[in-house]
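Student: Please pick one part of this structure and show it to me up close. After that, I'd like to hear how other parts are put together.

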Amino acid sequence: MVGLSEGEKHFIHGGIAQDIRTDGRRRLQFRALSVQTGVIPQADWWLLVLQANGSAHVRLGATEIIASVKAELGKPSILHPDKGKVSIFVDCSPTAEPMFEGRGSEELSAELSVALQRCLLGGKSGAGAAIDLSSLIVVEGKVCWDLYIDGLVVSSDGNLLDALSAAIKVALSDTGIPKVNVSLSAASDEEPEVDVSDEEFLQFDTSSVPVIITLTKVGRHYIVDATSEEESQMSSAVSVSVNRHGQICGLTKRGGAGLDPSVILDMISVAKHVSQQFISLLDSEIAAAEAEAEE
Amino acid sequence: MKDRHLSLNQTQRVRLEAALHELQSLAPAAASAAAVTVADTIPVNQEDNILKGHGTSDQDGEVVATLCGVVERVNKLVYVRTLRARYKPEVGDIIVGRVIEIAPKRWRLEINFSQDAVLMLSSMNLPDGIQRRRTAVDELNMRSIFEENDVICAEVRGFQHDGSLHLQARSEKYGKLERGQLLMVPPYLVKRKKQHFHHLEQYNVDLILGCNGFIWVGEHVVVGEKTKPTGGQQRFSTEAENFTPLETRKHICRLANAVRVLSALGFTLTVELIIETMEASVSSNAEINDMLGAEFYVQTAEREAKRRADLLRKKNGAR
């Protein structure tokens, strides 16, 4: 991260106050969004290393994220025999920043993973999760699908959380869970035999998956989709996860500066308003990517 | 600068390819010099005693390229010049750099060169303007002139015997740059010209094209006010009166976006081209941010192809 001189910081503050940021955007305007699905091949006998059931490559300005979803058969937890399992992890590649080499990105990756888990997975009991965990069950109490969602930050220019949530939503829309045929002859205490089909896939319904909108407070104004320069000037940032119905699914506040409660409520309502446009933009991009994939 | 990826629809892609193809055909024949990639053989007359320069190596008696670039020949020397290399300084170049360290009696600047450039305290005018020996007090007050992360405009004074680069900022037009934004483009896009400082009166904007690829676009500062020591944070209170006026800011952002688009297309940056691109965006009523979009990108390529074709036609017609 390059430092900024006082003059440049002053210019950035002035731009945000006057509603013209350094690249001409308004405060509540996103950068150009570009979405590609299916970037990691589906199950392939020859490719032993890299496989995914669903994947996406999302560019938000200069920030690039690759998200992949892998599904494996596993045993459900004893406390929740009727629910599958989902785990989300984020990794920051050293190609994004030299400081991400080795263990340099541990703190940031952990913070992003936890924020995404809170927003998408709901509570410990699986209640309120954006992904319907009951749909992941194969044989109750015995066999379920384990979803491993991985996000990779390839290029970092601010607003990683929003881009990650968008990439995960797109990757889930691209995910196909293989159809499983359970042999009926299994006894109740034995492991049932399952036959994983190579042909038929069930698509995920991602209409209820929320997106995360991060509002960065610089001076007295909030901006959406901050670049890394603008993020270095923030006093605090509030990330709100909103779903299609305008309901709030998660909330994270970062930054040391304190915020008045009325300010937080205002930021939440602004985030709700912005999220509707972002969700519709993302949906149209997903549809376009799917149409292109079918050609 | 990070690469930008644009999603072009089908018509835009076709138009862009047509424009780039036309530009390629208009390029003078010498420009299509042998471009090589790694492991390409360089055609060389074996009888001459060829000196193998940078980017080449001897493989089974043949001269093979080890870099991707253009083959250059100077008398008996054959070497490969890369295109996106680091900046190669020459004495007298105007550069824009960022202070990364304050060392005894000097500042170290980052200028996209293989080493940090050095600006000696003695190569810098003192705030009071008097010509005198630098004392120990001056050395302790270096931070009041330039701090870490400040953006500075200076001139290349020369190379030291150990290869490090020395700068000087003695004139009034050099010094700290404030109230604007710094853009980084590949250095090969900025050619050496007579003028690198451009004061665009109609926009009240200063445009400085550093030869090292750092380009400064900022509010106009009257020459002579640059080296005033800052009184700490007082000048930069976040009061509305102190901000750049809105009209000037719009011009600064438009110029910056014009530079971004032109560098993404790989066109040589000249003031005329930047201003022309900016005026085209104003006349087509494009939003400032739309200048970074796909449509403006394609339009800029088409406009440049047309301009070069017209220039060539005029040259041929004049003969």
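Tutor: Two strands pair if DSSP finds at least two bridges between them; strands (E, at least two residues) and helices (H or I, at least four) are DSSP runs, numbered from the N terminus. This is a predicted model, in which local features need pLDDT of at least 70 and side-chain atom pairs count only at pLDDT 80 or more, while totals for chains, interfaces and linings use all residues. Residues are numbered from 1 along each chain as its sequence is written, chains are lettered from A and ligands numbered from 1 in the order in which they are written, and side-chain values use heavy atoms, leaving out hydrogens and water.

Strand S14 (residues 197–200) and strand S15 (residues 205–209) of chain B run antiparallel and are joined by four bridges.

Another antiparallel pair in chain B is made by S5(B) and S6(B), with five bridges. Here B:Val74 is opposite B:Leu77 in S6(B). In the loop between strand S5 (69–74) and strand S6 (77–81) of chain B you will find B:Asn75. Its phi is also positive, near 50°, though B:Asn75 is not a glycine. B:Asn75 is exposed, with a relative accessible area of 79% (exposed is over 50%, buried under 20%, partly exposed in between, with a 1.4 Å probe and protein chains only).

These strands belong to an open sheet of four with mixed pairing, in the order S1-S5-S6-S2 (chain B). Strand S1 (35–36) and strand S2 (51–52) of chain B are at the edges with a single partner strand each, so one side of each has no neighbour in the sheet.

Now for the rings. The whole structure holds three aromatic pairs over all chains (rings of Phe, Tyr and Trp, its six-membered ring, with centres within 6.5 Å; planes under 30 degrees apart are stacked, over 60 edge-to-face, the rest tilted). A:Phe30 and A:Phe278 are stacked, 4.4 Å centre to centre with 10° between the planes. A:Phe30 is in the loop between helix H1 (6–17) and strand S1 (33–37) of chain A, and A:Phe278 is in helix H5 (residues 261–294) of chain A, so the pair ties together parts 248 residues apart in sequence. Both A:Phe30 and A:Phe278 are buried.

In chain B, the rings of B:Trp107 and B:Phe146 have centres 5.1 Å apart and planes at 65°, so this pair is edge-to-face. B:Trp107 sits in strand S8 (residues 106–110) of chain B and B:Phe146 in the loop between helix H3 (142–145) and strand S10 (151–159) of chain B, 39 residues apart. B:Trp107 and B:Phe146 are both buried.

Back in chain A, helix H3 (residues 160–173) has 14 residues and reaches 20 Å from its first C-alpha to its last, close to the 20 Å expected at 1.5 Å a residue (the expected span is 1.5 Å times one less than the number of residues). Of the 14 residues of H3(A), 14 are buried, so this helix is largely enclosed by the rest of the structure. Finally, A:Asp19, in the loop between H1 and S1 of chain A, has a positive phi of about 70° although A:Asp19 is not a glycine.
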